[in-house]
Amino acid sequence: MERENGVEQPRTSSSPPPLYSSPVVSWREEEQVMSEVHLGCPPNHSGPHVSHFTILLPPPHGTSTLRGHTDAVDDISVSTSTMFDLDEDGDLILTRRKKSPSHHLVLTIQHNITSSIPRVGLQVWRAELVLADFVLHVMSMSSDFDEVVALELGAGTGLVGILLAQVAKTVFITDHGNEVLENCEKNVDLNAEIFHGKASVHVRELDWKDSWPPQEANTSPSKGRYSWAQSDIEELKKSSLLLAADVIYSDDLTDAFFSILKKLMSDNLEKVLYLALEKRYNFTLDDLDVVANGYSHFLRYMITGEADDAVSKQLDSASEPFFVGEQIDLRFIPCYVRDYNRGHDVEIWKIKLNRRARF
């Protein structure tokens, strides 16, 4: 037997289909892709599959040995001035916390083993698990996420939003398409027992290419149970936290993502998005090289701490980027989700609206 996230899976004699760490958008839409997270699952399994993810819970933020900072997120941002302790071989020395073997939970997630490109939200992707680690870490170090109104964009299986509901007041878990939304709703139901008593969790459809706010709110019951009520929209205006994982893989979708993001964040400049992504490399004839063009396209939307002089001169230009991005240092984010490989190409970005941009 092979094991996937602590669950025994039958070994198959047939060769598995090609394994991809990311959707390859140049393929035809009906082609099947498979996440690396699903390695070990039966490749010929059709329909929904259930996996149990073991999560080592961090201690409550009031008792954490890592607590003691007023802003947990700022303390783990990339900084060139940060000092590190190294051993004699030059390797980083990290102080390890004592672990309580019994302090864990098991998250039950229904997902597909493979999917077509338009339905990749039915799978669990690596950046989703890294973002889950980040959310758990902030929850352990501070009260920053306590009682917040939060929105998860492109939520897929809803794993991150489900974890956040342990401390948040309201979580809107959003994606596009009934099949993905129904699967997400199933996962919310499967894990409702871990939510704190007053948490409200809503699964809603959010198509980034549609207008916002939706015109049909409270006026068209035929839109289904995933449509937005006017009360939802009013509650979402109070949101301070946005989350997204593995939504950067198509330039068209990246454009649509940042378009809706600007609308969602423009009513409050203090809103922050934490976005986990995986750099996706492909060989292109234009470059005659293996490049991450999708990642480069993503960076064009932001001013970053590593922006060159040419980008900095845009600060008084009408074409100035609407967003400011800061990369989070993942070296200081423990792996709370057990038995998965982060790889080397996953990043988390803290993104806010650029206060000097002309809207």
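Begin by selecting Y295 and F298, which both lie in helix α6 (residues 293–299), three residues apart, about one turn of the helix. The model on the screen is predicted. Both of these residues are buried.

Next, display the side chains of K279 and Y295. The charged end of K279 sits over the ring of Y295, 4.6 Å from the ring centre.

Now extend the selection to W208, F257, F258, Y301, F323 and W349. Together with Y295 and F298, these residues are linked by ring pairs into a cluster.

The structure as a whole holds 11 aromatic pairs. For another of them, select F172 and W228: the ring centres are 5.3 Å apart and the planes stand at 35°, so the pair is tilted. This pair links distant parts of the chain, 56 residues apart. F172 belongs to strand β8 (residues 170–175), while W228 is in the loop between β9 (200–205) and α4 (230–236). F172 and W228 are each buried. Return briefly to Y295 and F298, which form a tilted aromatic pair too, with 6.0 Å from centre to centre and 35° between the planes.

The tour then turns to the nonpolar cores. Select I55, L107, L131, F134, F145, L164 and L241; of the 55 residues in the largest nonpolar core, these touch the most other members.

Finally, select L153, A244, L261 and M302. These are among the members of a second, separate core of 31 residues.

How values were computed. Residues are numbered from 1 along each chain as its sequence is written. This is a predicted model: local features need pLDDT of at least 70, side-chain atom pairs count only at pLDDT 80 or more; totals for chains, interfaces and linings use all residues. Side-chain values use heavy atoms; hydrogens and water are left out. Rings of Phe, Tyr and Trp (its six-membered ring) pair if their centres lie within 6.5 Å; planes under 30 degrees apart count as stacked, over 60 as edge-to-face and the rest as tilted. Helices (H or I, at least four residues) and strands (E, at least two) are DSSP runs, numbered from the N terminus. Buried means under 20% relative accessible area, exposed over 50%, partly exposed in between (1.4 Å probe, protein chains only). A charge sits over a ring if NZ of Lys or CZ of Arg is within 6 Å of the ring centre and within 35 degrees of the ring normal. A nonpolar core is a set of buried Ala, Val, Leu, Ile, Met, Phe, Trp, Tyr and Cys residues joined through side-chain atoms within 4.5 Å.
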